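Subject: Structure handover

Hello,

Please find the structure below. My notes on it follow.

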Amino acid sequence: MKIIREPSVYLVGKQTTNDSEIDRFLDDHDVDNWSSDTDVAGQKLCEIAGRVCYMSFAKPRPGGNEAYLDRIINVRHGSVLEHCVWNFIFTGVSRSFTHELIRHRAGFGYSQLSQRYVDESVADYVEPACIAEDAELHAVWLAAVEHAQEAYVKLVAGLNHKFAGIEDKTQRRKLSRQAARSVLPNATETKIFVTANARALRHFIELRANEHAETEIRVVASNVLEILLTEAPNLFGDYDFTPLPDQTRAAQTKNTKV
Ligand SMILES: Cc1cc2nc3c(=O)[nH]c(=O)nc-3n(C[C@H](O)[C@H](O)[C@H](O)COP(=O)(O)OP(=O)(O)OC[C@H]3O[C@@H](n4cnc5c(N)ncnc54)[C@H](O)[C@@H]3O)c2cc1C
């Protein structure tokens, strides 16, 4: 059993543009003097989406993509930010974290490790820092987690026996694991694939990279923002980090809920 104290955030996918089709669209609409100055596909797509609204390709204001998206964010033309998405995998996170994460509905898609199909008798567990740093509390936590895991293993064995008459091995295991998981704690480590658009990610960051949010989700939201500040500064560059007393960070922007 591994004890995990830091989540991992993997940026596994992002968009590309189909430049020949963008050029064909511009040609078909007699636009010959517009091109984007960003190499970030998501930023370029959001700009094109915004410009389609007013067919404002012909006379762009100065400042390029950065100024354009800054204005979109300032005037809260948020739907334009739904056109760029990123794909992440979060691992080393607890089931309590994912329970909070999946409350974010608009603009998010999820695929999470199944406790019905995957054997959790070798699961890892996520320990909150405030428990880990205290030897006495850590001992209480560890005993509880070990006890739960032991009970899970015994329940799976007992249920496999109970369902022995079911011929389909996969079905038998599924029935056993889905019942036995009821004793697993919130601390059980899980993995989740997350796809989200820029508007949804901004809302998530504002609510969760926030001093009032729970610590684990705050750390993940801050890590996501750190990645996006590099990936798409024109869409996320208005956020600043402030250090918090517990060594985590909170993010602020004046452009909330775009
Ligand atoms: C500090 C903190 C404490 C929390 N505590 C609790 C708690 O104790 N119990 C609890 O149950 N939850 C709690 N939550 C979760 C919270 O209530 C939200 O479910 C979660 O933050 C997702 O926010 P959202 O609904 O705005 O996001 P999304 O679902 O992503 O929605 C984004 C936005 O789209 C709009 N929208 C989405 N769906 C609808 C809809 N059906 N109708 C109208 N507009 C819609 C809203 O404007 C919404 O803000 C907490 C969250 C935080 C940050």
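This is a predicted model: local features need pLDDT of at least 70, side-chain atom pairs count only at pLDDT 80 or more; totals for chains, interfaces and linings use all residues.

**A buried loop residue**

Ala187 has a relative accessible area of 11%, so Ala187 is buried (buried means under 20% relative accessible area, exposed over 50%, and partly exposed in between, with a 1.4 Å probe and protein chains only). Ala187 belongs to the loop between helix 7 (169-180) and strand 6 (189-197); helices (H or I, at least four residues) and strands (E, at least two) are DSSP runs, numbered from the N terminus.

Residues are numbered from 1 along each chain as its sequence is written, and side-chain values use heavy atoms, with hydrogens and water left out.

**Domains**

The domain assignment gives domain 1 (15-82) and domain 2 (116-187); such bounds come from an automatic or database domain assignment. Taken over C-alpha atoms, the centres of the two domains are 50 Å apart.

**Aromatic rings**

There are 7 aromatic pairs in the structure. Rings of Phe, Tyr and Trp (its six-membered ring) pair if their centres lie within 6.5 Å; planes under 30 degrees apart count as stacked, over 60 as edge-to-face and the rest as tilted. One of the pairs is Phe25 with Phe57: the ring centres are 5.8 Å apart and the planes are at 70°, so this pair is edge-to-face. Phe25 is in helix 1 (residues 19-28) and Phe57 is in the loop between helix 2 (41-54) and helix 3 (64-74), so the pair ties together parts that are 32 residues apart in sequence. Phe25 counts as partly exposed because its relative accessibility is 26%, whereas Phe57, at 1%, counts as buried.

Phe88 and Phe90 form a tilted pair, with 6.0 Å from centre to centre and 35° between the planes. Phe88 is buried at 1% relative accessibility, and Phe90 is buried at 2%. Ring pairs also join Phe25, Trp34 and Phe57 into a cluster.

Elsewhere, the charged end of Arg249 sits over the ring of Phe241, at 4.2 Å from the ring centre. A charge sits over a ring if NZ of Lys or CZ of Arg is within 6 Å of the ring centre and within 35 degrees of the ring normal.

**The ligand**

Which residues are around the ligand? They are Arg103, His104, Arg105, Ala106, His203, Leu207, Arg208, His212 and Lys257, where a residue is near a molecule or strand if one of its heavy atoms lies within 4 Å of it. A polar backbone atom of Ala106 is 3.2 Å from an oxygen atom of the ligand. In the side chain of His203, an N or O atom is 2.7 Å from an oxygen atom of the ligand, and a polar side-chain atom of Lys257 is 2.7 Å from a ligand oxygen. On its own the ligand has 940 Å² of accessible area, of which the protein covers 46% (Shrake-Rupley method with a 1.4 Å probe; for residues, only the protein chains shown count as cover).

**Helix 8**

Helix 8 (residues 198-208) is mostly covered, with 8 of its 11 residues buried. Among them are Phe204, Ile205 and Arg208. Asn197 caps the N-terminal end of helix 8, with a side-chain oxygen 3.0 Å from the backbone nitrogen of Arg199.

**Glu127**

Glu127 is in the loop between strand 5 (125-126) and helix 5 (129-132), and is buried with a relative accessible area of 2%. The Glu127 side chain makes a polar contact of 2.8 Å with the side chain of Arg5, and one of 2.6 Å with the side chain of His138. A polar contact is a pair of N or O atoms within 3.5 Å; within protein, one must be able to donate a hydrogen and the other to accept it, and residues adjacent in sequence count only if both atoms are side-chain atoms.

**Positive phi**

Most residues other than glycine have a negative phi. Asp30 is not a glycine, yet has a positive phi of about 55°. Asp30 is in the loop between helix 1 and helix 2 and, at 70% relative accessibility, counts as exposed. Gln247, also not a glycine, has a positive phi of about 75°. Gln247 is in the loop between strand 7 (240-243) and strand 8 (249-252), and counts as exposed at 73% relative accessibility.

Regards
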